Amino acid sequence: MGLFSLFQRHRTFDHGIYPVEHKELTADKPIRRLPFAPELVIPLAQHKGAPAVPLVKVGQEVVRGEPIARAEGFVSVPMHAPATGVIRAIALTPTADGPKTSAIFLKVYEAASQEVLYDLERDLDAMTPEEIVAAVQDAGLVGLGGAAFPSHVKMKPPAGKLIETVVVNGCECEPYLTCDHRIMLEQSDALIRGIKLALKATGAKRAIIGVEDNKLDAVAHLRAVIPKDLPITAEAVETKYPQGAEKMLIKSLLRKEVPVGGLPADIGVAVYNVGTLAQMGDLLPQGRGLIERVVTVSGPAVSNPGNFMVPIGTPLRFLLGQVGLAEDRVGEVILGGPMMGMAVASLDVPVTKAVSGVVALEREDPDLDRRKVYPCIKCAECLKACPVSLNPSMLGELALARQYDRMAEEFNLDQCFECGCCAYVCPSNIPLTQYFRIAKSINRDRNA
Amino acid sequence: MPKPIEIRTSPHLKRALSVDRIMRNVVFALLPICAFAVFQFGLSALLLILTTTGAAIATEWFFARASGRGNTVSDWSVVITGILLALTLPPGFPLWMAAVAAFVGVALGKALFGGLGYNVMNPALVGRAFVQAAFPVAITTWTPAFAPGRFTEVIPSTFTLPFMQPIPVKDWVAALQLDAWTGATPLALQKFQQIEPSVTDVFTGMIAGSAGETSALLILICGLWLAFKRMLDWRIPVAVMAGAALTALPFWLMDSSLYPSPWFVLFSGGLMLGAWFMASDMVASPVTTSGVILYGLFIGIVTVVIRLFGGLVEGVMYAILLANAAGPLISSWTQPRVYGALKKTREAE
């Protein structure tokens, strides 16, 4: 395969970077279940949009799969009990983002079964697109690739927009993460059911599964199992970060660009992560809610890395305890991948719907000098890395001069989606991505 | 109590290629050129390289301390400036003048702007431009390559006392009793006497000239090595050479007895060293991909125009300094098109 792929150029986007993948740590580890943590912490705001509203009271008993919080409006999703137990409290919990947030604390019964006890069987074929959208919301589904945007919102095309193509994102371009890879190999039936639902709900004519060419086994497997009568294809794209960003994947697969300030729907595209659609295909026929997800737990400070089906709300301390965290060596613990993920300040932070991976890096050698910041030497590496063709060098200088409005008005700061390529390549070790995050947040505050 | 976990912002991974490593590699790439200069011109070339580098380092150290920027010598960039400056000077250039050049280059060309990353022009060339204006005779006094005894004695002008006129080297050269020594570099021979030396000699460096500019072949090899390590943007030297060759070509086709061939233009004088090691200075060149090509072509064209029609024999230095000054403008003209932007937004306005 290695020699073959040398001569085979897969479709791709401009610029980007090639970080070391480290995927071999977990790529061939099948998805395993873990025991329940003694207590699960389910934040009410795990998704973009309005936080969910609790339906349960302290002291109330719930069964695995039962709704425990309802959606607040259209851009919001409900929560379901990930295990059978009793509500201990509704209180604040630390999150990866920083501020504490309201959460339901669920004490799990010791002998609780992994079986889901809360079903509502449905005939998918009889459902109208509107009913599918409503059912997706009821399932509490959000983008499982990390964005956590409520999935049903994307299934309802904006007025006047026609969705022609569903792009299924199986790139998984972040180093270390392999959960989507395993999902494509192990849950392809549910994935195909989910794609069919997405096609029906959006009215799209075809679906393309885009997979980075470091997972050609997944491409081959999907091609073998996709029924011939379905308008679904699986395509390999180049292994390059950030191939899995939706704008980049659209460019690679369709040679089209999402207009500045627009949405994929503007060019007739809707993008879903493979994990989201596999959950959709799994949950909707039985009317279940999203109570667990596949998480890659990996990194050099973990002794038994792997892919696990983790109940939502499992505290990181418990999860990392299961895989053998090397407490003497651990430096950062990152939710998501190391390029865009967030380092947690506390291991009490729970796994939420958005957490695709937990990566435990080793403590950095302080002598390495990797963080010593030099002035920008205009080497232009960042311009060659930026997938949206910004000028990070210039943006960085403007940020230092605090000309945040000029960054937005003249140098397209708002197009930056914080992929981290510029800061990754910068030989002067300038924390460009962080500069841009700060500039954007200051501009938001000013314009508010 | 277990050690606390660390927190940083994303990205949490970093490519291990820092400024000091890039600069160190440029220095490594220059070392073979220095070695050839010493082999060719002997002790004087060695002293010249050591003097400019030492003076450049001392100047950088002093101004960095004076302006509270700490020790910036460790980023190695000033070593490049020192070496490059020596390589562009005549091998017998008086050492005290070389030290002045290094001081001016680093002080006025770099420290004044705020040090590494902020200089508008290449500091080595700023230094050379200064001494070209201040000491026009010394900087055009050439000595023969491969002089016998070059490893045991220095060229008499090397040890000129500060603020004194250098001893003319004519008598010293005459004493060497070399055949066919005219005291002119190939460029001057071509320009004023229409004698075009063998391109092979010019390419391999078997000629008189500045300490480190003689062997086009060696410069090409060292530059390619850096470009291969992705520490030099190959587009710049390629554009410089293309600009120079394409400008020289029509004149040579019109009258090959008067005008030099494109080959000669490429391999003579400071063009190779300038294209590969000075025009490609990251700080002083534009950042955009189309910008560096424009910038390179500009240098190539201006060099040849000066050489063919200017009063000076060599034009690389001024061409690069001019292009350096135009760099920010070129960058702003050639901003990349952002993903998803409609083409030609500016014209629509």
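This report describes a predicted model with chains A and B.

## Basis of the model

Residues are numbered from 1 along each chain as its sequence is written, while chains are lettered from A and ligands numbered from 1 in the order in which they are written. Because the model is predicted, local features need pLDDT of at least 70 and side-chain atom pairs count only at pLDDT 80 or more, whereas totals for chains, interfaces and linings use all residues.

## Where the chains meet

The contact between the chains takes 49 residues from chain A and 33 residues from chain B. Two residues are in contact if their C-beta atoms, placed from the backbone, lie within 7 Å. On the chain B side, 18 of the residues are nonpolar, nine are polar and six are charged. In this count Ala, Val, Leu, Ile, Met, Phe, Trp, Tyr, Cys and Pro are nonpolar, Asp, Glu, Lys and Arg are charged, and the others, Gly among them, are polar.

## Helices of chain B

Helix α1 of chain B covers residues 19-41, 23 residues in total. Helices (H or I, at least four residues) and strands (E, at least two) are DSSP runs, numbered from the N terminus. From first C-alpha to last, α1(B) reaches 32 Å, close to the 33 Å expected at 1.5 Å a residue; the expected span is 1.5 Å times one less than the number of residues. A kink of about 30° lies at B:L31, shortly before the proline B:P32. The bend at a residue is the angle between axes fitted to the seven residues ending there and the seven starting there. After α1(B) comes B:G42, with a positive phi near 80°. In the segment before α1 of chain B is B:P11, and the peptide bond joining B:S10 to B:P11 is cis, with omega about -5°.

An unreviewed UniProt entry lists "transmembrane region" for several stretches of chain B, including residues 21-39, 234-253 and 291-310. UniProt positions are given in the numbering used here, feature names are shortened, and annotations may be inferred rather than shown by experiment. In the model, residues 234-253 of chain B are 95% helix and 0% strand, with end C-alpha atoms 28 Å apart. Residues 291-310 of chain B are also 95% helix and 0% strand, and there the end C-alpha atoms are 26 Å apart.

## A sheet in chain A

Four strands of chain A form an open sheet in the order β2-β8-β7-β4, with antiparallel pairing. β2 and β4 (61-62) stand at the edges with a single partner strand each, so one side of each is left without a neighbour in the sheet. Two strands pair if DSSP finds at least two bridges between them.

Strand β2 (residues 39-43) is joined to β8 (residues 101-108) by five bridges, and β7 (residues 85-93) pairs with β8 over eight bridges. A:K107 in β8(A) has A:E39 opposite, and A:V86 also stands opposite A:K107.

## Backbone details in chain A

Most residues other than glycine have a negative phi, and most peptide bonds are trans. The bond from A:Y241 to A:P242 is cis, with omega near -5°. A:P242 is in the loop between β11 (232-237) and α7 (246-254) of chain A.

Phi is positive, near 55°, at A:R255, and near 55° at A:K378 as well. A:R255 is in the loop between α7 and β12 (269-273) and is exposed, with 9 other C-beta atoms within 10 Å. A:K378 is in the loop between β17 (357-362) and α10 (381-385) and is buried, with 24 other C-beta atoms within 10 Å. A residue is buried if 20 or more other C-beta atoms lie within 10 Å of its own, exposed if 12 or fewer, and partly exposed in between, with C-beta atoms placed from the backbone.

## Four annotated cysteines

The unreviewed UniProt entry marks A:C376, A:C379, A:C382 and A:C426 as "binding site". These residues span 51 residues in sequence, yet no two of their C-alpha atoms are more than 10.6 Å apart, so they gather at one spot.

A:C379 lies in the loop between β17 and α10 of chain A. A:C379 is buried, with 25 other C-beta atoms within 10 Å. Not counting residues up to four places away in sequence, A:C379 touches A:P427 and B:M282. A:C382 lies in helix α10 and is buried, with 28 other C-beta atoms within 10 Å.
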